[in-house]
Amino acid sequence: MAQKVQLATALVNAPKLLLLDEPFSGLDPMNQVVLQDEIMAAAKAGSTILFSTHVMEHAERLCTRLIMLACGQKVFDGSQEEAKAMLPGRVHLRAMSDPSSLLGVATAERMPAVEEGWTDWQIVLKPGAEPGDLLQTCVQTGFALRNFEAHSATLHDVFLNLAGPPQDAAR
């Protein structure tokens with residue numbers, strides 16, 4: 001309730017700049033939606049909003065520009081699209097044969113079989129390759145598919161990639 005009162009107090013004067021530090025911390029899902037709607041309304045009304053968060057899903061829903069920090073150092077500054085483009089595309093597919101040699105495939109990891117005659121594969125695409133191009137190649141070459149799911153990178157994935165391996169907890 002205190003967070004809601006503080007936000008209402010801050011918004012009553014239609015500020016040009018709104019600074020929020022972990023605004024969703026401790027809120028239940030319903031109040032997170034209420035707060036998100038209020039933040040979006042303030043942005044639409046012309047406020048510039050700067051907020052810090054450790055929850056990348058909040059940043060994905062609300063931010064147009066990002067600055068990511070790791071160990072006190074800036075590791076990224078740009079748009080969500082620029083951040084997500086830093087990681088290769090991924091595809092999960094079910095096929096009758098090995099997709100490793102298909103155009104655009106960097107790696108193909110075989111997963112446990114779930115259907116007789118079909119194998120699941122986790123594909124990492126080469127830089128610049130798009131999932132749609134791989135699907136088109138499969139169709140054009142007659143590569144038998146049962147399932148094809150493209151997976152975009154999330155901001156969580158990007159942050160983990162930029163920040164590197166987790167630091168030793170004893171530090």
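Predicted model: local features only at pLDDT ≥ 70, side-chain atom pairs only at ≥ 80, totals over all residues.
User: Is E22 buried, partly exposed or exposed?

Analyst: A residue counts as buried under 20% relative accessible area and as exposed over 50%. The value for E22 is 22%, which lies between these cut-offs, so E22 is partly exposed.

User: What is phi of E22 near?

Analyst: E22 is a residue other than glycine, yet its phi is positive. The value of phi for E22 is near 45°.

User: How far apart in space are E22 and F51, C-alpha to C-alpha?

Analyst: Along the sequence, E22 and F51 are 29 residues apart. In space, their C-alpha to C-alpha separation is 6.8 Å.

User: In which loop does C71 lie, and what is phi of C71 near?

Analyst: C71 lies in the loop between strand 3 and strand 4, the latter covering 73–79. C71 is also a residue other than glycine with a positive phi. For C71, phi is near 55°.

User: Is C71 buried or exposed?

Analyst: The cut-off for exposed is over 50% relative accessible area. C71 has a relative accessible area of 62%, so C71 is exposed.

User: How many residues does the largest nonpolar core have, and which have the most contacts inside it?

Analyst: In soluble globular proteins, nonpolar side chains tend to be buried together. In this chain, the largest nonpolar core has 20 residues. Those with the most contacts inside this core are L66, M68 and L155.

User: Leaving aside its neighbours within four places in sequence, which residues is L66 in contact with?

Analyst: L66 is one of the residues with the most contacts inside the largest nonpolar core. Once neighbours within four places in sequence are left aside, L66 is in contact with A59, F76, D77, G78, S79, Q80, A83 and L155.

User: What pattern does the chain follow, read along the sequence?

Analyst: The chain contains six helices and eight strands. Read along the sequence, these follow the pattern α-β-α-β-α-β-β-α-β-β-β-α-β-α.

User: Why is the chain described as more spread out than a compact globule, and what is its radius of gyration?

Analyst: The globule rule gives 16 Å for 171 residues. The chain is well over that value, so it is more spread out than a compact globule. Along its principal axes, the C-alpha trace spans about 65 × 40 × 30 Å. The radius of gyration of the chain is 21 Å.

User: What percentage of the residues of the chain count as buried?

Analyst: A residue counts as buried when its relative accessible area is under 20%. Of the 171 residues of the chain, the share that count as buried is 32%.

User: How far apart in space are K44 and R94, C-alpha to C-alpha?

Analyst: The place of K44 is in helix 2, and this residue is exposed, with a relative accessible area of 79%. K44 and R94 are 50 residues apart in sequence. Their C-alpha to C-alpha separation is 43 Å.

User: What distance separates the C-alpha atoms of A163 and F76?

Analyst: A163 is located in helix 6 and is partly exposed, with a relative accessible area of 25%. A163 and F76 are 87 residues apart along the chain. Their C-alpha atoms are separated by 9.8 Å.

Key: Residues numbered from 1 in each chain as written. Heavy atoms only, no water. Core = buried A, V, L, I, M, F, W, Y, C linked by side-chain atoms within 4.5 Å. Buried < 20%, exposed > 50% of the residue type's maximum accessible area, 1.4 Å probe, protein only. Contact = heavy atoms within 4.5 Å. Helix = DSSP H or I, 4+ residues; strand = E, 2+ residues; numbered from the N terminus. Rg over C-alpha atoms; globule rule 2.2 N^0.38 Å.
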